[in-house]
Amino acid sequence: MALSKAQFGNFRLFTLETGTFRLDGGSMFGVVPKTLWSRQLECDERNRVLLTARVLLVHSTATGRVYLIDSGIGHKSGEKFQKIYELDHSAYTLESSLEYHGFRASDISDVVFTHMHFDHCGGAVKHDPEGRPVLTFPQAPHWVHTAHWDNVLNPNEREISSFLPENIGPLQESGQIRLVDDGHVYEPGFEIVVVEGHTPGQQLPLFTDGDRHLLFAADLVPTTVHLPLPWVMGFDTRPLLTLEDKKRVFGRCIRENILLYLEHDPHNELIRLGDTPQRPSVAWAGTLDDL
Ligand SMILES: [Zn+2]
């Protein structure tokens with residue numbers, strides 16, 4: 001499959017597929033019974049659903065900055081981890097997708113983490129030829145929301161397994177973590193929406209081109225199957241806040257005609273919501289190439 005791209009105001013947007021993985025279907029849908037979610041998303045004999053780790057490269061022609069929004073899982077995990085999550089890099093890697101669009105790792109000026117669960121930040125740390133952990137983009141500041149970084153440093157027992165020491169340690173020691181707060185503007189046309197239910201301080205990049213807008217939905221809406229309000233992941237630390245996040249963000253998406261870029265949906269890259277925030281539907285689905 002070709003990787004899509006679009007000109008969006010001052011920004012050149014590039015889809016980067018970094019590989020697929022599988023997570024337990026029950027964990028992905030919280031209180032929703034398997035009889036319901038398994039009609040929407042097939043699962044394997046171990047009850048795992050297929051997800052992709054689709055990230056976004058953003059080249060600003062106004063400032064020259066090249067932002068990487070999340071980084072996928074990366075390649076440094078051992079065989080056991082690869083089997084549990086069935087990591088599959090046979091079709092795509094972060095590196096091969098960058099190369100497809102004509103970029104090198106050294107071109108990345110900024111890494112923006114929506115949050116630091118392993119499937120979002122793992123690709124930013126790799127092993128050097130001697131097997132030591134090094135940053136994939138050593139020259140780049142790595143941006144995280146203040147509330148999220150506090151949470152990473154003091155994780156609760158329920159969320160701690162998502163913050164892998166092999167990712168957090170090298171990033172912390174590098175001195176390249178930079179913090180942002182609510183209302184942060186990376187540059188004109190590139191702001192953030194902060195949501196709190198999945199994990200504290202999840203920042204969702206929002207790009208604007210006049211009257212067109214695109215929101216990187218990360219783990220607020222991992223797939224289209226998560227659109228119904230109560231279809232909230234079991235992973236979420238504060239599911240009732242996720243409900244509020246979804247109503248607020250869906251309302252804004254419908255009112256302001258904001259497209260959602262989906263990070264984990266294996267079938268849908270970009271959608272427009274229809275109907276109401278209480279009962280949202282997919283009014284349109286496509287890719288960056290359709291913009
Ligand atoms: Zn997450």
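This is a predicted model: local features need pLDDT of at least 70, side-chain atom pairs count only at pLDDT 80 or more; totals for chains, interfaces and linings use all residues.

**The zinc site and the sheet**

Mentor: The site of the zinc ion is irregular, with angles of 91 to 171° among its four donor atoms. Residues are numbered from 1 along each chain as its sequence is written, and side-chain values use heavy atoms, with hydrogens and water left out.

Trainee: Which residues are the protein donors of the zinc ion?

Mentor: Donors are N, O and S atoms within 2.8 Å of the metal (3.2 Å for Na, K and Ca); water is not among the atoms, so sites may look incomplete. Here they lie 2.1 to 2.2 Å from the zinc ion: H115 (NE2), H117 (ND1), H198 (NE2) and D219 (OD).

Trainee: Are H115 and H198 buried or exposed?

Mentor: The cut-offs are under 20% relative accessible area for buried and over 50% for exposed, with partly exposed in between (1.4 Å probe, protein chains only). H115 and H198 are both buried.

Trainee: What is the strand order in the open sheet of seven strands?

Mentor: Strands (E, at least two residues) are DSSP runs numbered from the N terminus, and two of them pair if DSSP finds at least two bridges between them. The pairing is mixed, and the order is β1-β2-β3-β4-β5-β8-β9.

Trainee: Why is one side of β1 and of β9 left without a neighbour in the sheet?

Mentor: Both β1 (5–8) and β9 (177–180) stand at the edges. One side of each is left open in the sheet because each has a single partner strand.

Notes:
Four donors count as tetrahedral if all angles lie between 85 and 135 degrees; four count as square planar and six as octahedral if opposite donors are over 155 degrees apart and all others between 65 and 115; anything else is irregular. Helices (H or I, at least four residues) and strands (E, at least two) are DSSP runs, numbered from the N terminus.
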